[in-house]
Amino acid sequence: MPKIRPKNWLVESILTTIFCCLPFGIAGIVNANAVNSRYDSGDYEGALRASKQAAMWTKVSFWVAIGFWVLYVILMVILGVSLFSMGRV
């Protein structure tokens, strides 16, 4: 009985590369591309490892971007409040 092809995370990796964090998203794309080729060559364990790596890098890219935007908003609020309290706005 053939084993089920692991999820390749390609779409998610491409989206996080475009909208989130480029370096980590590229690592996700590289691993996502390896999933299908390894599975097709009969390396199920390699395909599973590549799938897990693609998932990890895709999630890292997403959460790094979320963290960046949260810090950015906090900084802008603090800057706005401090400028307002100094009477410059």
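Two residues are said to touch, or to be in contact, when they have heavy atoms within 4.5 Å of each other. This is a predicted model, in which local features need pLDDT of at least 70 and side-chain atom pairs count only at pLDDT 80 or more, while totals for chains, interfaces and linings use all residues. Residues are numbered from 1 along each chain as its sequence is written, and side-chain values use heavy atoms, with hydrogens and water left out.

Ser 13 lies in helix α1, where helices are DSSP runs of H or I with at least four residues, numbered from the N terminus. Leaving aside residues up to four places away in sequence, Ser 13 touches Gly 25, Gly 28, Ile 29, Ala 32, Ala 54 and Thr 58. With a relative accessible area of 0%, Ser 13 is buried; buried means under 20%, exposed over 50% and partly exposed in between, for a 1.4 Å probe and protein chains only.

Helix α3 covers residues 44-85, and its 42 residues should span 62 Å at 1.5 Å a residue, which agrees with the 61 Å between its end C-alpha atoms; the expected span is 1.5 Å times one less than the number of residues. Among the buried residues of α3 are Gly 46, Ala 50, Ala 54, Thr 58 and Ala 65, and what covers the buried residues of this helix includes α1 (10-19) and α2 (22-40). After α3 comes Gly 87, with a positive phi near 80°.

If a disulfide is a pair of cysteine sulfur atoms within 2.5 Å, the count comes to zero. For Cys 20, the nearest cysteine sulfur is that of Cys 21, 7.9 Å away. Cys 20 is partly exposed at 30% relative accessibility, whereas Cys 21 is buried at 14%.

Methods:
Helix = DSSP H or I, 4+ residues; strand = E, 2+ residues; numbered from the N terminus.
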